Every structure is written in structure tokens, then in C-alpha cells.
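I opened this notebook to keep track of what I looked up in the coordinates, entry by entry. The sequence and the structure come first, and my notes follow.

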Amino acid sequence: MEKHALFTKSISLHYLGIEKALIRYQLPADELHEITLQSGQGIATSTGALAVNTGKFTGRSPQDRFIVKDSITQDKIWWEDINIPFETEAFDALYNKVTSYLSYKEVFVRDSYVCSDAIYRLNIRVITETAWANLFCYNMFLRPETEELKNFTPEWTLICVPSFMANPAIDGTRQENFAILNFTKKIALIGGTGYTGEMKKGIFSALNFILPVFKNTLPMHCSANVGVNGDTAIFFGLSGTGKTTLSADPNRKLIGDDEHGWTNENTVFNFEGGCYAKVVNLSEENEPDIFRAIKKGAILENVIIDKNTKKVDYTSVSITPNTRVSYPIYHINNIQPNSIGKNPKNIFFLTADSFGILPPIAKLTPGQAAYHFISGYTAKVAGTEAGVTEPQPNFSACFGAPFMPLHPTKYAEMLSKKMKDANVKVWLINTGWTGGPYGIGSRMKLKYTRAMITAALNGELDTVAFETHKVFGIAIPKTCPNVPSAILNPRNTWDDKNLYDTKALELAAKFKANFTKFTSIANAEILAGAPII
């Protein structure tokens, strides 16, 4: 019998095939924190946050993410490199091994849900091997009220067992770790990896199938916030481009930092109950809301801590550049009630262009918006991954290809229609390099990026003059409040203008080469949004 708040509830996992486990059900966050410390699996930092090491895996493993191919998925999933099929029989056999492995062991069980809009709510039962993984789910998923738990019925089950290693020769996996979605049995099965992001993105991937196919609602890999006048802004972008940082605006209320739905009822709602932010080079001056959210209840992953002071060295990437923090959304003071906003007025596509080619802000036509959404561009910086010695383009369709089970054009068509219906302004924001590529130029100052976004949100760019980028065809403002005009056109920031022109054409060619796999099914308006070579 496990206690939760003011009531006790007895649950069994027999129906899942987990027999006679010691069930630690719905433990409060403080208790999960203390169990982690007592077990030696984590330490407390100087701010009270919990710090853990996720082991061999410090990031997701997209090549080990599978979807069971069955009557529900076989004709709907876009079966490409990012969506790898898994046989039903192989899943059943592996699932039985995992549940047998968990039998007679201590497990941590949490009932939670995703989708803050009650119409779209999805109940989830989470079963984890460690207390801190359960605390992560407390932070990241939505937390039912005590009364709701009495008659809680899970629709999906998430099982995460890092210490269970698959046998690829027998189990059908690529290697020992795996993350598998089964839409018929409504199970997300994860093993062999302690990286918590696999749990978060596993449920996100499920919603990216469920919502458009069954609910006619657009799922988005984006952050969102709301202004004082109720205007919603959406920020799309890949990891490291600034989604969490730029949506945490002290003058606007945060809806969420990573995963949202855009409904036919003209609302935008958060999928989650927390934030999962990168903390490399984090400082209170640049990102005060995130910095102050790292207190007891937060979980830091793979950071370096001073043994004496217990202070975190946010500049260190000795374990991984993908250092992270998870915290419940209520650790941010300025949050939107119920995590729901109205139709957006502005959409920002964030990219960290380490080639230094794209402008720090540009306005997009509907065709260009669809083209850049399908492209999902950013650039990797030298040194962030083994073997990356110079900037490399990174295209991820819909700014989240590893989580998108359907063909990217399905999401793009839904977004395009919604943008037109709501008369949304779409902006491209480059948070990357200016004055040259990585190693020569410098990273765009955060205060300038914030000023440009603020100007767009306040309508201050509606009356300024624009010029057209000669290669990408996008509209660049000639002036912007609180931003030096000299940095707005990236060509002006390069010492060698001819070299800029050459490199701009090279990047445009990379865009077009990446888009060839979509050309046959993209309409004329989208194709017209391509760069000009």
C-alpha cells in the first residue's frame, strides 16, 4: 500500500506482466530526491538541485528508436531512416523479457498525463527503475490532482529500464539500447539507456502520430509564450538554437518550452508540465529565469560539480556538451495559467547558423515559411561531436524529424493552413554567427536577438524598410530598435564580401540538395520559397 498525499492506493502491475514487484507508487518529489541521494545515484548541488549522471548515453540515440509496424502504423508512418520498423513478434518477446526482468524488483510508478487542454488529455502510467527517472517524469509530465488519482485509468504505459540490455542477435535491436513505440498496445518501451530525454521524446513521438491522425491537431516541436495583450508567440528550433532561452521572457508568460499542440479551436496548449533546458554556459545574467529555476526539485544531468562548494561549472563540457536541467514549470514565476494560449500572432523559426550566412532576423512569405519549416535547418559547431572539425549543416524536417512519425509535408501542410487562417507573421531568427563563420566571426549577442524578437512582437518592424537577400530571397529589415543596423544584413558584417557571396551560394546548394527528397510532393508555393542559385 503506497501513500500519496492524503490517501492510500493499492495498485498491481500484474496486468503488465510485472509480478510481485515492490511498487513505490506516486512518491512526492522530495522523497524521490532523498531516495536518489541515499542510494548514491545523485548528489545535491549548492542550490539544492539534484545532479545525476545518465551513464553511457548523454543524449538520444535516433538510430535505436523503433516503431512497431502493424495494422495501425504500416500505411501511415513515413518509413525512412528516422522511423525504423520493428516486428510485432519481436516486440512481444522483448517486452516479456523486460517485464520478467522487473518482476520481484523495486520499481517506481507514477500516474501522470500529457496535454494541458482537457479535450486532448492522454493519461500515462510511468514505470521506472530509478527514483530520479521517476522524478524527471514528475517534472516533465502533467501532475494529476489527488482526487483524480483515485479513479485514474492509464491509456499509455511508459516503461524505462536502463540496466536491461537487449541482445541484438536475438531481440531485433541494433545494439543493447532501444526505444520502441507500440501504437496498438499503447506502450513506450525503453531499455539500455539512462538518458531521460528518451522518455520525454518517446511520448512526444506518440503524440505526433495520435494528434494529427486522430484529433486533426498539429503537434509542434516549439516553445510558446503569451504577451500582456494575450498574443501568443511560437518558437520553432532544434536543440541549441534558443527555444527555451528566448521563450523565457520576463515580459511574457510562458506556455511551455518544447512541445505544443495547435488546435482547430484556435488555441495553443503545452504537452508537458516542465522544462528540459540545455545548461552549457548558463549564466544568471543571460538566462535569469532558467538559472533561478535550478533549485531543489530540479535535476541536472551530466554536469561537473566542485567537490567542496558543490557549485556547478556550467562552462564544462567534459562529460558532454548536452548538459541539461529538468524542472517543473512552476519553478518559473511568469507562467501562463493552464498552459494554454490563443492563436499565435507571430512564429519564429530559430537557427544557429555557424556559417554566418543567414540574417539575424528576416520576414518570410508563406511559401518560404513552409520551405524552411520542412527544411528545419541549423548548423553543428566544430567540437560538439566527435569528428566535427568545421561547421556542418543539420537539416531536421519540421525542426524535429526524429520525433515525427508522419511524412514532413503532412505537418507542413497543417502549419501552412493554420498560418494563413490566423494571418500569422513568420520570422527567421539566426542566433548563430555574424561577421564570418564559427572560428572567425562571433555569436550573435543574446541582447540583440531579444531586441529583434521584441520589435517583431510589438509591431515595430511593420513600418520599416526591408531589403531582399540576393540568394535566399528573404526580407531583411534595414533598421530595428535597439539593434545596430550594421549587423542586420550579414553580408555587411563580413570583411571579404566576395567570400560571403560564395559561401551563401554553397549554403543555398545544401538547402536545395536536402530538399530533393520533398520536391516531388511539395506544391508550387513551397518550391517558390527555395533559395535562388
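Which residue just after helix 1 takes a positive phi? I looked up the backbone there and found that Gly-40 does, with a phi of about 75°. I note for all entries that I am working from a predicted model.

Entry on helix 1. I then went back into the helix itself, residues 29–38, and listed Ala-29, Leu-32, His-33, Ile-35 and Thr-36 as buried. These residues cover an arc of only 165° around the axis, which puts them on the same side of helix 1. Looking for what covers them, I found that the cover includes strand 3 (22–25), strand 4 (42–44), strand 5 (50–52), strand 8 (106–114) and helix 3 (131–140).

Entry on strands 3 and 8. Between Glu-106 and Arg-24 I found a salt bridge whose closest N and O atoms are 2.8 Å apart. Glu-106 lies in strand 8 and Arg-24 in strand 3, so this pair ties together parts that are 82 residues apart in sequence. I recorded Glu-106 as partly exposed, at 35% relative accessibility.

Entry on the domains. The domain assignment gives domain 1 as 14–40 + 61–215 and domain 2 as 218–262 + 343–403 + 420–529. Their C-alpha centres lie 33 Å apart, and the contact takes eleven residues from domain 1 and nine residues from domain 2. I noted a buried area of about 1,000 Å² between the two domains, with 64% of it on carbon and sulfur atoms. For the polar side of this contact I counted four salt bridges and six residue pairs in polar contact between the domains. Helix 6 (residues 197–214) gives the most to the side of domain 1 that touches domain 2, with eight residues.

Entry on the charged pairs. Asp-258 forms a salt bridge with Lys-200, with the closest N and O atoms 2.8 Å apart. Asp-258 sits in the loop between strand 15 (253–256) and strand 16 (259–262), while Lys-200 is in helix 6, 58 residues apart. Are these two residues buried or exposed? I found that both Asp-258 and Lys-200 are buried. The side chains of Lys-201 and Glu-259 also meet in a salt bridge, at 3.6 Å from N to O. Both pairs belong to a network of salt bridges that links Lys-200, Lys-201, Lys-243, Asp-258, Glu-259 and Glu-272.

Last entry. I also looked up Lys-417 and Asp-421, which lie four residues apart in helix 10 (residues 408–422), about one turn of the helix. Their salt bridge has its closest N and O atoms 2.8 Å apart, and both residues are exposed.

Conventions. Residues are numbered from 1 along each chain as its sequence is written. This is a predicted model: local features need pLDDT of at least 70, side-chain atom pairs count only at pLDDT 80 or more; totals for chains, interfaces and linings use all residues. Side-chain values use heavy atoms; hydrogens and water are left out. Buried means under 20% relative accessible area, exposed over 50%, partly exposed in between (1.4 Å probe, protein chains only). Helices (H or I, at least four residues) and strands (E, at least two) are DSSP runs, numbered from the N terminus. The arc is that of the directions from the helix axis to the C-beta atoms. Contact means heavy atoms within 4.5 Å. Domain bounds come from an automatic or database domain assignment. Buried area is the accessible area (1.4 Å probe) that two parts lose on being put together, summed over both. A polar contact is a pair of N or O atoms within 3.5 Å; within protein, one must be able to donate a hydrogen and the other to accept it, and residues adjacent in sequence count only if both atoms are side-chain atoms.
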